[in-house]
Amino acid sequence: MPERIADKAILSAVDDGFAQQLVFLANLVRFPSQRGEEHAAQSFMAAAYEADSYAVDMWRVDVDAIRDLPGFSPVAVSYDDAFNVVATHKPRNATGRSLILNGHIDVVPTGPLDRWVRDPYDPAIEDGWMHGRGAGDMKAGLSACLYALTALRSLGYQPAANVFLQSVVEEECTGNGALACLQRGYRADAAFIPEPLEPRLMRAQVGPIWFRVEVDGDPQHASGAFSAGANAIEKAFVIIQALKQLEIVWNARKVDDKHFCDHPHPIRFNLGKIEGGEWTSSVPARCVFEMRVATYPGQKLEDARAELEACIADAARADPFLANRPPKLTYNGFMAEGYVLEGADEMEAVLRRSHTAVWGEPLQEHVTSATTDARFFGLYADTPAIVYGPICRMPHGYDEAVDLDSVRKVTQTIALFIADWCGLEPIDPEARP
């Protein structure tokens with residue numbers, strides 16, 4: 001039978017190692033691991049796992065190997081630098097339940113640096129918050145997974161089951177990194193993802209779709225001396241306004257969704273990028289915009305795409321110019337289904353006990369209009385996936401920061417969860433950190 005140790009000892013072990021955890025987190029934040037630049041940060045993670053004597057698997061994501069799998073999202077960028085890292089713990093005697101601890105290494109762009117109070121890749125601690133791009137989303141979660149295990153090992157114990165520490169790419173744009181872990185054969189009885197959506201149990205999430213629309217114009221001299229032409233940027237807004245009307249329609253459907261019916265605005269049609277025009281004194285010949293929209297759990301992606309395509313086509317047909325030059329639509333990133341955590345009563349009970357032991361209050365739950373990699377485990381691997389993490393301020397925004405006390409407590413919660421879910425066994429004295 002797996003052994004048990006006192007909760008108090010585990011909580012104290014996390015506290016004892018927390019200063020070291022903060023150094024690790026700060027060093028990780030210093031890597032600007034934006035899309036296409038993750039390799040150095042992943043090498044850092046691999047070295048950290050190897051230093052703790054885990055078996056480490058680091059590989060480049062093979063798009064062709066995952067292209068035909070459920071959950072795959074269209075690829076619009078190079079994967080030359082897209083490396084996953086998985087560290088594996090194997091017990092001497094597997095008597096407990098196995099676990100995946102998953103987090104993503106990729107971060108979103110910073111935006112104009114002069115809008116940050118401090119350098120986004122020079123982490124600083126102020127009033128109990130660590131500042132920096134990715135400090136919360138979600139390098140703090142990666143540190144919590146590793147140091148929860150480190151705390152148990154410092155007490156002379158290790159999980160009595162397989163545990164896989166996953167540091168994946170592509171979470172912010174496709175999720176193909178997590179999918180590649182499934183394709184590579186990593187499976188467990190449960191998954192735990194410490195995304196910075198606060199220390200609450202995430203019950204449901206939406207599924208985003210990314211797409212790109214190219215709109216042509218008729219370039220003329222801006223004076224209009226020859227003809228008015230057709231302004232591609234203005235024509236793009238004909239399509240954008242139609243899509244924003246569809247957003248209202250989709251949000252009205254929340255009344256039929258038991259998880260999102262009380263959410264103030266579950267479906268966001270976000271105009272994320274737009275560029276157009278070639279010369280200030282010329283009527284723009286071309287405009288391109290990119291949008292992220294959301295779908296409800298259970299909503300079929302083919303139905304959502306059909307509505308989007310019909311909306312764009314109808315708006316184009318109603319415009320005399322666009323009727324003869326219809327916009328071109330391509331899907332260039334997320335093609336994700338929504339996800340609901342269901343049928344995981346025992347796993348939830350373990351989290352509730354662990355959370356209450358740390359926070360001294362019952363676990364709350366919520367739904368989110370964001371997405372996480374939990375969908376891959378729950379929808380495509382028959383593996384319940386918990387999302388529960390620290391408190392992050394301004395994720396994706398200027399001056400992102402993570403609340404360090406919440407990082408400490410989330411680490412403690414994960415350590416208790418591992419001890420309960422996986423069980424524990426003694427480790428050899430020389431294997432202790």
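The largest pocket has a volume of about 1500 Å³, a volume being the space filled by probe spheres set on grid points joined across faces, edges and corners. This is a predicted model, in which local features need pLDDT of at least 70, side-chain atom pairs count only at pLDDT 80 or more, and totals for chains, interfaces and linings use all residues. Residues are numbered from 1 along each chain as its sequence is written, and side-chain values use heavy atoms, with hydrogens and water left out.

**Largest pocket**

- A pocket is an open set of points on a 1 Å grid over the protein atoms alone, where a 1.4 Å probe fits, with protein on both sides within 12 Å along at least five of seven lines; lining residues have an atom within 4 Å of a point.
- The lining of the largest pocket comprises 50 residues, and Val108, Glu172, Trp210, Arg292 and His396 lie nearest the centre.
- Two or more lining residues come from each of the strands S10 (207-216), S11 (270-276), S12 (286-295), S13 (328-335) and S15 (365-368); strands (E, at least two residues) and helices (H or I, at least four) are DSSP runs, numbered from the N terminus.
- S11 gives the most to this lining, with 4 residues.
- The lining has 20 nonpolar, 16 polar and 14 charged residues, where Ala, Val, Leu, Ile, Met, Phe, Trp, Tyr, Cys and Pro count as nonpolar, Asp, Glu, Lys and Arg as charged, and the others, Gly among them, as polar.

**Helices H7 and H8**

- The axes of H7 (residues 232-252) and H8 (residues 301-317) come within 9 Å and cross at roughly 140°; axes are lines fitted to C-alpha atoms over the stretch in contact, and angles run from 0 to 180 degrees between N-to-C directions.
- That angle makes H7 oblique to H8, since angles under 35 degrees count as roughly parallel, over 145 as roughly antiparallel, 65 to 115 as roughly perpendicular and the rest as oblique.
- The contact (heavy atoms within 4.5 Å) includes Val238, Leu246 and Trp250 of H7 and Glu307, Cys311 and Ala316 of H8.
- By class, this contact of H7 with H8 has 12 nonpolar, no polar and 1 charged residues.

**Helices packed on H11**

- H2 (residues 18-29) packs with H11 (residues 404-421) at about 115°, with axes 11 Å apart, which makes H2 roughly perpendicular to H11.
- Phe18, Gln21 and Leu22 of H2 meet Leu404, Val407, Arg408 and Thr411 of H11.
- H9 (residues 345-359) and H11 pack at about 135°, with axes 9 Å apart, and are therefore oblique to each other.
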